[in-house]
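Me: I'm new to reading protein models. Could you walk me through one?

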Amino acid sequence: MEWSQFNLSTDFISGVQSPGDAQHSFHIVISDGEILSVDEAAPWRPLNQDELHWLGLTTVSTHFLGLVGNIPLYATEVDPETDEPEGYVFGKLWSFLGRVAEPTLNMLGRATQIVEWHSNHQFCGQCGQPTQPSDMDRSRKCAPCRQMFYPRLSPSIIVLVTRGDELLLARNANARGNFYSTLAGFVEPGESIEEAVHREVLEEVGIQIKNLKYFASQSWPFPNSLMLGFHAEYAGGEFVLQEAEIADAQWFHHTNLPSKPAMMSISGWLIHDFLQRVQQGAT
Ligand SMILES: [Zn+2]
């Protein structure tokens, strides 16, 4: 069975227990955080068991991700010093953004995050003893002090604030170019997601918002974020910009946006969703 015959959205079943010796398998090969592509000109696909064998790469760790159809899919970490095999290319996860379909990007993000978690949790952060993998779930355990280590996700919020027909978009102080986007920030310990949205907007641009409405989420594996997207309406206040974060913030009429929303990120989906509704007169 070829990878291209499967639809990752419907044919993938996540799992942690490898079925063992299967005749066929797929391998997302990762070296030093970079992902191996067979041919950059063709749609991305993982290696199969024969290709992995023939390349003779030194495997450092193998992580079962789940079944695609009935074929096991692994994140296969190889020696970070590995040279690119002839005809193959290693590339950072960023380079796949916009190049592969979203389910594929999410799978590559899953693989790189699990490999990174595994290599960063070989030893217990509390007592320094080696950790052991769990049979039950995706965790590593320190037997002496009973600490469990799971892959870490950092929830963050992203919000499109609107005022009538206008959108609040801001230019990040650290971003290159003249790129305006929605506001975003990490959720703090002890905080609800809704509180994080109100706090971030107040901190970054100094205004109050209301009518928060959850929109959608997106895995954002750079390096381990989970973006939770909201729509919100302006409630009051004047712009006071957090200078270290925000270089500029403005209300833009929906017919006069500074740039076209990039549809590969949730920021673009939020803007697009609002534009569709405002153009249909539904806001
Ligand atoms: Zn320990």
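This is a predicted model: local features need pLDDT of at least 70, side-chain atom pairs count only at pLDDT 80 or more; totals for chains, interfaces and linings use all residues.

Me: Into which domains is the chain divided, and how far apart do their C-alpha centres lie?
Reply: Look for the bounds of each part, then the spacing between parts. Here you get domain 1 (3-120) and domain 2 (154-279), and the C-alpha centres of the two lie 33 Å apart.

Me: How many residues of each domain are in contact with the other?
Reply: On the domain 1 side there are 9, and they meet 6 residues of domain 2.

Me: What about cores?
Reply: In soluble globular proteins, nonpolar side chains tend to be buried together. In this model, the largest nonpolar core has 26 residues, and Ile157, Val159 and Val161 touch the most other members. Elements giving two or more residues to this core include strand 11 (154-163), helix 4 (193-205) and helix 5 (266-279).

Me: Which residues is Val159 in contact with, leaving aside neighbours within four places in sequence?
Reply: Thr182, Leu183, Val197, Val201, Phe230 and Ala232. There's also a second, separate core of 21 residues, with Phe26 and Leu65 among them.

Me: And how do I read a sheet, say the one with the order 8-9-10?
Reply: Check the strand order and the pairing sense. This is an open sheet of 3 strands with antiparallel pairing. Strand 9 (residues 140-142) pairs with strand 10 over 3 bridges, and Lys141 sits opposite Met148 in strand 10.

Me: Why is one side of strand 8 left without a neighbour in the sheet?
Reply: Strand 8 (132-133) stands at an edge with a single partner strand, so one side has no neighbour there; strand 10 (147-149) is at an edge too.

Notes
Residues are numbered from 1 along each chain as its sequence is written. Domain bounds come from an automatic or database domain assignment. Two residues are in contact if their C-beta atoms, placed from the backbone, lie within 7 Å. A nonpolar core is a set of buried Ala, Val, Leu, Ile, Met, Phe, Trp, Tyr and Cys residues joined through C-beta atoms within 7 Å. A residue is buried if 20 or more other C-beta atoms lie within 10 Å of its own, exposed if 12 or fewer, and partly exposed in between; C-beta atoms are placed from the backbone. Helices (H or I, at least four residues) and strands (E, at least two) are DSSP runs, numbered from the N terminus. Two strands pair if DSSP finds at least two bridges between them.
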